[in-house]
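Thanks for sending this one over. Here are some notes to read alongside the coordinates.

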Amino acid sequence: MALISLQKITLSFGAAPVFDGISLQIEPGDRLCLMGRNGSGKSTLLKLLSGELPPDSGDIHRQQGVKIASLPQEAPPGLDGTVFDIVAAGMGDAARLLTDYHNLAQHLARESSARLLEELETLQHRLEEEGGWTLHQEVERLLDSLSLPAEAAFSELSGGTKRRVLLARALIAAPDLLILDEPTNHIDIETIGWLEELLKKSSAALVFVTHDRAFARKLATRVAELDRGRLYAFTCGYDTFVERREALLDAEITRQALFDKKLAAEEAWIRQGIKARRTRNEGRVRALKALREEYRQRRDRQGVAKLQLQEGGRSGAMVAELENVTFGYNDTPVIAGLSTTVMRGDRIGIIGANGTGKTTLLRLILGELPPQSGEIRLGTRREILYFDQLRDQLDMNATVQENVGEGNDTVTINGKQRHVIGYLQDFLFSPERARTPVHILSGGERNRLLLAKLFTKPANLLVLDEPTNDLDAETLELLEDILAEYSGTLLLVSHDREFLNNVVSRTLALEGNGRVSDNVGGYDDWLRTRESLAEVPAAVKAVKQPEKGRPEKEKPRKLTFKEERELETLPEKIALLEAEQAALHTRLADPEFYKTAGAEITVVNDRLGALETELLVVYERWEELETLRGQ
């Protein structure tokens, strides 16, 4: 018997219905991934399933006594108490006893008294009668797995930590149906892996919305897509769903083309002369009216966003160099002894558990934080564009148009003036949607808006902090394509494993205790490297140890006196070359130069090309000598 059955559900908040007669059944053991474009109604459908929202019409049947727990996209307003209290509340009736016992034990640790001891003993007996000790251990296990501080006040937590608390509250309930809205948002890769394994082993049915394709691929046994008010369900995994959906869309395009051709022919017939109208078939006229009505009610599929990234002028060859950099908070190292170089055109992914210091590392590379020890050298002509995962750059009370236009009706894109409304349509905001306040937008729409706002400015250093949260699959894939063609430097913080694999060519992984590993490739490459390193100790034990007195390896070569002197002169040489390069760029940017320069323009451009090559050679030599000195 189905846990929940939806029959011919309709729901509308405006002109076009969000749901137009949809039906769906959730069976025990289902792991249903709900897909759809941003604004298609995915979160609304989850609220219907959980009972938070009634439909306009249609029937919803829930199995008697079915237990449902859900994780919303945003934390509910007014939720107060400690982390332990919030999580324990997910257990229902037993939660109050457990919370009272936990709070009393904490009070007793600070202030001992006979009365408190007596109350604690009474609560202990009641918990034993209701099996509360098992629940207490389960709460503590979950808090430990999600790295949550039991005594912290929920209201003082960051947005990401609040999400993990609400996830723990949903999991502790042991429901028959677990509803998760973007469960991977703001949680790190290790926690995502832990959650995947937990949900795969769980006996609860699962309905979830996610932008994380790797998460959907590992968990989904069924996929349903919301599209223009209709729901299409597929009993298959994620990859098979993608293939079937493409086939359905191709068939729809063919069917609509035939329909349009037939409608055009009938319209031509009805407009024929007097003779044709005198002898026309009234049944054919009625059929034409039906065709017109069908065309009028047809809802075309939402287009694909037209993201366009403006590239700034070329930065210096070196973007940033960190040498033995250390930084920490309250004697706790976040970055310890890091040496790395970011060169123009690098595509670097930054990964690590929450709280390990990914944003701190970004700020060090950008020069916003001075190191506590070590040295940071910043490159020249850096034009930085920063995507903030908290969307603090958006004014929630202003309209979409006001956020992008900043008081103007036009924006300049690649040197051309465009009206804000037309520009926003490239990001799938209709004129009506462009005039709405930001606070009513969905999470994915807010992310699209922030991209639209940022892409009005040119940049040669693009910094993206969790840009994939809430974006639909089509926009996500388009963003991947845009970044693949971007010739500037990219710094990307993300927990989306597939996005990292498709976009970055190098990974800085914060491993904890201040250690940062520098790896070639994306997430999967880093994972293989880490696994191979973990196997090394076992392999070393199996290798016969060298005889005593025999050297284990060749002694590393030291720098010669001549190389030492060369290394000392290289920084000054680089500074002179970059100064000459900057001066030539300034000349080329001056309109007066072109009035009298003549053939000198070619000379300056040729010299710039030669400088570019010379700088690359000098940087490679510098890195080579520094490596030898480090040995």
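1. How many cavities of 30 Å³ or more does a search of the whole structure find? One. Bear in mind that this is a predicted model. The space in the largest cavity comes to about 50 Å³.

2. Have a look at what surrounds that space. By class, the lining has seven polar residues, three charged and one nonpolar.

3. On to the nonpolar cores. The largest has 44 residues, and those touching the most other members are Val-87, Val-139, Val-165, Leu-178, Leu-180, Leu-199 and Phe-208. Helix α6 (residues 159–172) is the top contributor to this core, giving seven residues. Another core, of 43 residues, lies apart from it and includes Ile-421, Phe-427, Tyr-486 and Trp-526.

4. Setting aside neighbours within four places in sequence, Phe-208 is in contact with Arg-31, Leu-32, Cys-33 and Leu-34, among others. Its contacts also include Leu-180, Phe-215, Ala-216, Leu-219 and Ala-220.

5. Why is helix α12 (residues 358–366) described as largely enclosed by the rest of the structure? Because seven of its nine residues are buried. After α12 comes Gly-367, with a positive phi near 85°.

Definitions and conventions:
Residues are numbered from 1 along each chain as its sequence is written. This is a predicted model: local features need pLDDT of at least 70, side-chain atom pairs count only at pLDDT 80 or more; totals for chains, interfaces and linings use all residues. Side-chain values use heavy atoms; hydrogens and water are left out. On a 1 Å grid over the protein atoms alone, a cavity is a set of points where a 1.4 Å probe fits but cannot get out, and a pocket is an open set with protein on both sides within 12 Å along at least five of seven lines; lining residues have an atom within 4 Å of a point. Grid points are joined across faces, edges and corners, and a volume is the space filled by probe spheres set on the points. Ala, Val, Leu, Ile, Met, Phe, Trp, Tyr, Cys and Pro count as nonpolar, Asp, Glu, Lys and Arg as charged, and the others, Gly among them, as polar. A nonpolar core is a set of buried Ala, Val, Leu, Ile, Met, Phe, Trp, Tyr and Cys residues joined through side-chain atoms within 4.5 Å. Buried means under 20% relative accessible area, exposed over 50%, partly exposed in between (1.4 Å probe, protein chains only). Helices (H or I, at least four residues) and strands (E, at least two) are DSSP runs, numbered from the N terminus. Contact means heavy atoms within 4.5 Å.
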